[in-house]
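Thanks for making time this morning; I would like to walk through one structure, going from its backbone to its interface and its cavities. Please have the sequence and the model open while I talk.

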Amino acid sequence: MPEVQFAGKTFVTDEDGFIDNYTNWSQDWVQFVKKEEGIDELSAEHQQVITVLREYYEKNGIAPMVRVLSKVTGFKLKHIYELFPSGPGKGACKMAGLPKPTGCV
Amino acid sequence: MKHKTPLLDQLESGPWPSFVSDLKQEAEVRAKNVNGVNYQIPVDVCEDLLGVLELSFKHKRTHWKHGGIVGVFGYGGGVIGRYCDQPEMFPGVAHFHTMRISQPAGKFYTSKYLKQLCDLWQFRGSGITNMHGSTGDIIWIGTTTPQIEEIFFELTHTLNQDLGGSGSNLRTPSDCIGAARCEYACYDTQNLCHTLTNDYQDELHRPAFPYKFKFKFDGCPNCCVASIARSDMSFIGTWKDDIRLDQKEVKAYVGGEYAPNAGAHSGRDWGKFDIQKEVVALCPTGCMRYEGGKLEINNRECTRCMHCINVMPRALRIGNDRGLSILVGAKAPILDGAQMGSLLVPFVKAEEPYGEIKEVIEAVWDWWMEEGKNRERLGELIKRQGFQKLLEVTNIKPMPQHVKEPRSNPYIFWKEDEVEGGFTGDINEFRKYHQR
Ligand code: HEM
Ligand code: HEM
Ligand code: SF4
Ligand code: SF4
């Protein structure tokens, strides 16, 4: 497993840059991931998406469907891509420390 | 070659084009590099691919890790990430991502275009392709993560070429060659395929659906792109008026001047063409008659199965009042069993700008996007909520053509407003006439 150093912390990731364990997430992780996900400035809206994803995951053990994410945040998919250029899966879920999306992607 | 491949080497014999020989050839081309290409991924990628495949032959197991999430900014799909589970042994395929490139409708190419694609792929990828993926895309097999944006930039800026689809979205639509080279085509499959692909780019590039969704376009019921089996929404050409019949040409078939089925069975002696036996008697509805050297069709009873036209293409032609049928719900077995498309729209004109067709598509999407469960294909939603619900959301009136046979069980739901008095009976009212 690759390791990354950031802000004096060590994160273990997989080849795709997803964190090994949800509980090892921190705001430092968000700061680290943002540049490789094409995000210059973190806004309150970024944080809102991350918070929604983490809360949903904690409660349900899965990431929300895109439709649910849009409903809960009030952000249309287009806006989610404006916030996270890689999209809700590769971008937002990775930053939120959720496990890597699986299935026929 | 870098690795010994005794098992794969056996696949170089025999008459069929050997993928092993081809891969070795590409490995050699890369090793020699007569054009002086500045390879952006390991030069021995093909050799390591053969190496890992040989190991899989030996172990009878795959050597790719699970999953992989890579892509380009702005899109949620198009690239299938993949990593080898023996990266030290086969560093050339440590990263081996697949890129889906949107193909032109009907897959007609110019050599200039293909050459440009090949140059780019030699430079930034493995040089290995799949022409084409089952869904239709041009498939580029094997590159590394840092190359993906580079390739995408070049594709879009120089080659005017986009990625195909992957993930829970509209996948790359594909079609039969249609009117380009087939006299059975009842509509311009390429134009409809191309138009809808362009119109729904957003749905294709940014997954917004409960699960994957595919379009396929067949010009007639022969279904050369197999839309009825391989697309959630299948568009199959047909006609409404009479089969055009040329008695003189029929005579030429009977007289043996033309080979039946355009000579498709000429590899074996099936005897002299017998129109009664090979056409009239095989018509599924028995709506044809051949008497006194004249062929007749009772078109009202014809189901447009294509059989007679397929057998005598020079004598029988599709009608002039053309359009298409829309069938929905085809899918592979996972989760709840395989399905083929079920007839939803028996006939709709296929004329630009295809407003009526788009209305059906968008109504289906509105419903499925709202009601579909996570990873539930349209076919499964139809099973779960009922075909009746599909008809309601698409605003299509139920008609006998919607079923192969009526239901045999009597578990029939009624809407409350269809039942006199509604569903709110008063037990005390009932007790007045029925003692306990
Ligand atoms: C006018 C007379 C009758 C009426 C209106 C009637 C109606 C019904 C209804 C509504 C059901 C339930 C179907 C469901 O599962 O939703 C049922 C089931 C059944 N009835 Fe009757 N019934 C009548 C007479 C009888 C008689 C006389 C017998 C046996 C002696 C009988 C045996 C059964 C059995 C065994 C079932 C269960 C069938 C199954 O689910 O496999 N019924 N009946
Ligand atoms: C006061 C007498 C009875 C009461 C209150 C009663 C009640 C019920 C109820 C509530 C059900 C379930 C219906 C449903 O699930 O939709 C049922 C089913 C049934 N009862 Fe009775 N029942 C009575 C007498 C009888 C008698 C005397 C017989 C047979 C001789 C009988 C045979 C059945 C059968 C065959 C079923 C259907 C089981 C099934 O569909 O799986 N019942 N009964
Ligand atoms: S599906 Fe029909 S129209 Fe299309 S290529 Fe096949 S035979 Fe021709
Ligand atoms: S198309 Fe099929 S159903 Fe129609 S007349 Fe020909 S064989 Fe019969």
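Helices here are DSSP runs of H or I with at least four residues, and strands are DSSP runs of E with at least two, both numbered from the N terminus. This is a predicted model, in which local features need pLDDT of at least 70 and side-chain atom pairs count only at pLDDT 80 or more, while totals for chains, interfaces and linings use all residues. Residues are numbered from 1 along each chain as its sequence is written, chains are lettered from A and ligands numbered from 1 in the order in which they are written, and side-chain values use heavy atoms, with hydrogens and water left out.

Let me begin with the backbone. Most residues other than glycine have a negative phi, and most peptide bonds are trans. B:Lys107, which is not a glycine, has a positive phi of about 60°, and this residue sits in the loop between strand 2 (98-101) and helix 4 (111-124) of chain B. A cis peptide bond, with omega about 5°, joins B:Met131 to B:His132, and B:His132 belongs to the loop between strand 3 (128-131) and strand 4 (138-141) of chain B. Another cis peptide bond, with omega about -5°, links B:Ile334 and B:Leu335, where B:Leu335 is in the loop between strand 12 (322-328) and strand 13 (342-348) of chain B.

Now to the interface. Taking contact as heavy atoms within 4.5 Å, 31 residues of chain B touch 21 residues of chain A. The two chains bury about 2000 Å² between them, 56% of it on carbon and sulfur atoms, where buried area is the accessible area (1.4 Å probe) lost on putting two parts together, summed over both. Of the area that chain B buries against chain A, 32% comes from B:Ile69, B:Phe73 and B:Tyr83, more than any other three residues supply.

What about charged pairs? With a salt bridge defined as a side-chain nitrogen of Lys or Arg within 4 Å of a carboxyl oxygen of Asp or Glu, the rule finds two across this interface. B:Lys65 and A:Glu15 form a salt bridge through their side chains, at 2.3 Å from N to O. On the side of chain B that touches chain A, strand 1 (79-80) and helix 12 (355-371) of chain B are the elements that give two or more residues, and helix 12 has the largest share, with four residues.

Over all chains, the search finds 28 salt bridges. Within chain B, the side chains of B:Lys24 and B:Glu12 meet in one at 2.7 Å, N to O. B:Lys24 lies in helix 2 (residues 19-32) and B:Glu12 in the loop between helix 1 (6-9) and helix 2 of chain B, so this pair ties together parts twelve residues apart in sequence.

Finally, the cavities: on a 1 Å grid over the protein atoms alone, a cavity is a set of points where a 1.4 Å probe fits but cannot get out, and lining residues have an atom within 4 Å of a point. Of its 15 lining residues, the closest to the centre are B:Cys283, B:Cys302, B:Cys305, B:Met306 and B:Cys308.

Terms used: On a 1 Å grid over the protein atoms alone, a cavity is a set of points where a 1.4 Å probe fits but cannot get out, and a pocket is an open set with protein on both sides within 12 Å along at least five of seven lines; lining residues have an atom within 4 Å of a point.
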